[in-house]
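Please read the points alongside the coordinates.

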Amino acid sequence: MAAPRSLWAWGTVDDEPSADELAQAAPHFGGFLDLELDGTAEAPVAFDESRVAAPRVETPQALTGFVSADPRERAERAWGRSYQDVVRAFRGDFRFAPDLVARPRDESEIERVLEWAAGANVAVIPYGGGTSVVGGVRPEVPSGYDGTLTLDTTRLDKLLELDEVSGAARIQAGASGPVLERQLEAHGMTMRFYPQSFALATLGGWIVTRAGGHFATVETHIDDLTESIRAITPSGAWESFRLPASGAGVSPDRMLLGSEGTLGVVTEAWVKIRLRPTERAQASVLFADFAGGAEAVRAIAQSGLRPSNCRLIEAEEARFTMAGDGSGHLLVLGFESAGADVTDRFDQCVTIARECGGETIEGGGSGEGAANWRETFMRAPRLRDTLVACGVLAETFETVTTWERFAALREGVVAVAQRAAAAPVKVTCRFTHVYPDGPAPYFTVLARADRGEEVAQWQAIKEAVSDVLTTQGASITHHHAVGRDHRPWYDRQRPEAFAAALRAAKAELDPAGVLNPGCLIDPSRP
């Protein structure tokens with residue numbers, strides 16, 4: 001039997017850092033991160049010492065068998081995994097625990113939940129792996145609702161149909177990354193989509209948040225791999241016609257991509273798949289200055305060579321994530337193919353990097369060297385759990401901008417984050433994805449946490465950096481989505497005419513305004 005999910009950490013209770021691990025780590029973090037820490041670790045508040053309010057609504061007879069009011073199940077879905085979510089759960093704060101949790105087994109049960117919720121004035125929060133880092137699954141809804149219900153889709157996790165001729169598969173939306181890949185692997189295929197949330201997040205979650213995946217160039221988002229989507233809305237089913245591409249008007253798929261559970265509950269999708277890669281080439285390249293590395297990445301992105309991996313990591317970040325030794329800014333280059341030779345394109349990319357001042361590391365380098373990049377990348381969320389317990393505020397800001405704006409943007413983010421932290425702080429940058437016309441910078445902010453006041457401290461940094469992003473020509477998000485945490489800046493970024501059109505679409509699909517209210521858009525309620 002699988003271990004229950006952790007109330008605060010990444011993964012299950014078995015994945016939580018132990019008291020011994022925290023006690024051993026705490027004295028060393030201050031020096032390692034060059035932050036003035038007190039060298040102690042706190043323990044999370046045990047669930048039996050926490051309080052989960054009694055549900056405000058009763059489980060209706062029509063939904064028995066797949067809807068629960070169990071306090072533990074509700075607490076597990078009280079938060080996503082943003083910094084403020086982790087801190088509050090760590091301290092036993094479950095103020096936003098949903099009143100009910102539904103775990104439907106098929107579309108008919110989803111339809112029953114939505115019908116009941118509309119009549120009972122209960123907000124419904126679609127929920128996959130619970131990995132949102134922007135408040136997208138937090139049941140923090142506007143006033144006026146009589147309760148909240150979290151709708152967990154993870155029982156819908158099957159590979160339904162495989163089209164090996166066209167290279168596509170129809171998969172239920174509740175399948176997590178590992179579950180999805182195991183089913184495809186049995187046919188020698190892969191989706192080859194590895195966001196940092198891969199171990200927990202679901203296909204439906206990737207779709208509604210426009211997640212970014214494995215490939216650093218070209219097919220960077222789930223958008224690029226989606227052929228059609230099916231969703232259940234309060235007004236009926238929404239299913240698009242499956243095609244590799246279409247010029248037939250406004251795309252119904254594009255409207256569900258990024259909809260964040262506000263327009264319907266995604267239940268399945270046709271996605272592109274491929275043969276598992278057999279040919280690979282990879283290299284680690286060091287640069288003495290980050291600007292030189294950025295120039296190399298721009299030249300590679302504009303060369304048309306299309307590497308699968310092209311990530312530039314600031315030296316200090318490479319060091320403290322154990323991706324490198326900190327002796328230089330690290331560019332991780334990689335190519336892969338299911339049979340076609342990649343040597344020539346790989347060699348051309350390495351040549352470009354060297355011409356821009358880079359020096360290749362023999363044997364792939366150490367730590368994150370290209371060979372170990374994925375392992376380092378995937379373990380980062382668990383490292384954050386340890387940082388929280390040891391008194392380190394850890395927040396990230398991911399965005400996308402054009403090449404000519406990047407240098408000023410980086411300078412502005414670093415300066416404002418240092419001012420807003422009001423404590424010893426470290427700010428680093430890396431590129432997660434790159435395009436011919438611009439990079440997707442990912443800023444990491446580490447600061448000494450003001451214990452007990454972490455959320456207020458986080459909010460000050462969040463607001464200051466987000467203001468810089470949106471005033472200097474960058475997006476509020478590249479692949480983490482909008483959620484509740486980014487809403488104020490998303491409202492500024494989108495055209496008002498589009499916002500009005502989106503509200504009208506929601507009113508048509510969700511007349512009672514019960515689907516994830518307050519996330520992405522406010523409903524127009526009767």
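Is F397 buried or exposed?

1. F397 counts as buried, at 2% relative accessibility; buried means under 20% relative accessible area, exposed over 50%, and partly exposed in between, with a 1.4 Å probe and protein chains only. The residue belongs to strand 16 (residues 392-398), where strands (E, at least two residues) and helices (H or I, at least four) are DSSP runs numbered from the N terminus. Apart from neighbours within four places in sequence, F397 is in contact with P441, Y442, F443, V445, I461, K462, V465 and S466; contact means heavy atoms within 4.5 Å. F397 and L7 lie 390 residues apart along the chain, and their C-alpha atoms are separated by 24 Å.

2. On the basis of the values: this is a predicted model, in which local features need pLDDT of at least 70 and side-chain atom pairs count only at pLDDT 80 or more, whereas totals for chains, interfaces and linings use all residues. Residues are numbered from 1 along each chain as its sequence is written, and side-chain values use heavy atoms, with hydrogens and water left out.

3. Helix 3 (residues 83-90) packs with helix 13 (residues 454-471) at an angle of about 175°, and their axes are 10 Å apart. That makes helix 3 roughly antiparallel to helix 13; the cut-offs are under 35 degrees for roughly parallel, over 145 for roughly antiparallel, 65 to 115 for roughly perpendicular, and oblique for the rest. The axes are lines fitted to C-alpha atoms, for helices over the stretch in contact, and angles run from 0 to 180 degrees between N-to-C directions.

4. The residues that meet in this packing are Y83, Q84, V87 and R88 from helix 3 and E454, V455 and W458 from helix 13. Four residues of the contact are nonpolar, one is polar and two are charged. Here Ala, Val, Leu, Ile, Met, Phe, Trp, Tyr, Cys and Pro count as nonpolar, Asp, Glu, Lys and Arg as charged, and the others, Gly among them, as polar.

5. The count of aromatic pairs comes to 10; rings of Phe, Tyr and Trp (its six-membered ring) pair if their centres lie within 6.5 Å, and planes under 30 degrees apart count as stacked, over 60 as edge-to-face and the rest as tilted. W8 and F90 form an edge-to-face pair, with 4.9 Å centre to centre and 75° between the planes. This pair links distant parts of the chain, with W8 in the segment before helix 1 (19-33) and F90 in helix 3, 82 residues apart. Both W8 and F90 are buried.

6. The aromatic pair of F193 and W206 is tilted, with 4.9 Å centre to centre and 55° between the planes. F193 lies in the loop between strand 7 (189-190) and helix 6 (203-209), while W206 is in helix 6, 13 residues apart. F193 and W206 are both buried. Elsewhere, F290, W403, F406 and F431 form one aromatic cluster.

7. Two arginines lie over ring faces: R242 over W270, at 3.9 Å from the ring centre, and R430 over Y442, at 4.1 Å from the ring centre. The criterion is NZ of Lys or CZ of Arg within 6 Å of the ring centre and within 35 degrees of the ring normal.

8. Which residues have a positive phi although they are not glycine? Most residues other than glycine have a negative phi. R210 has a positive phi of about 50°, and L520 has one of about 75°. R210 is in the loop between helix 6 and strand 8 and is partly exposed, at 37% relative accessibility. L520 is in the segment after helix 15 (496-509) and is buried, with a relative accessible area of 5%.

9. P234 is found in the loop between strand 8 (226-233) and strand 9 (236-239). Its relative accessible area is 31%, so P234 is partly exposed. Not counting residues up to four places away in sequence, P234 touches L114, L509, D510, P511 and L515. P234 and V218 are 16 residues apart in sequence and 35 Å apart in space, C-alpha to C-alpha.

10. Q472 lies in the loop between helix 13 and helix 14 (487-493) and is partly exposed, with a relative accessible area of 30%. Beyond its neighbours within four places in sequence, Q472 is in contact with T401, R405, A408, L409 and G412. Q472 and R410 are 62 residues apart along the chain, with their C-alpha atoms separated by 10.0 Å.
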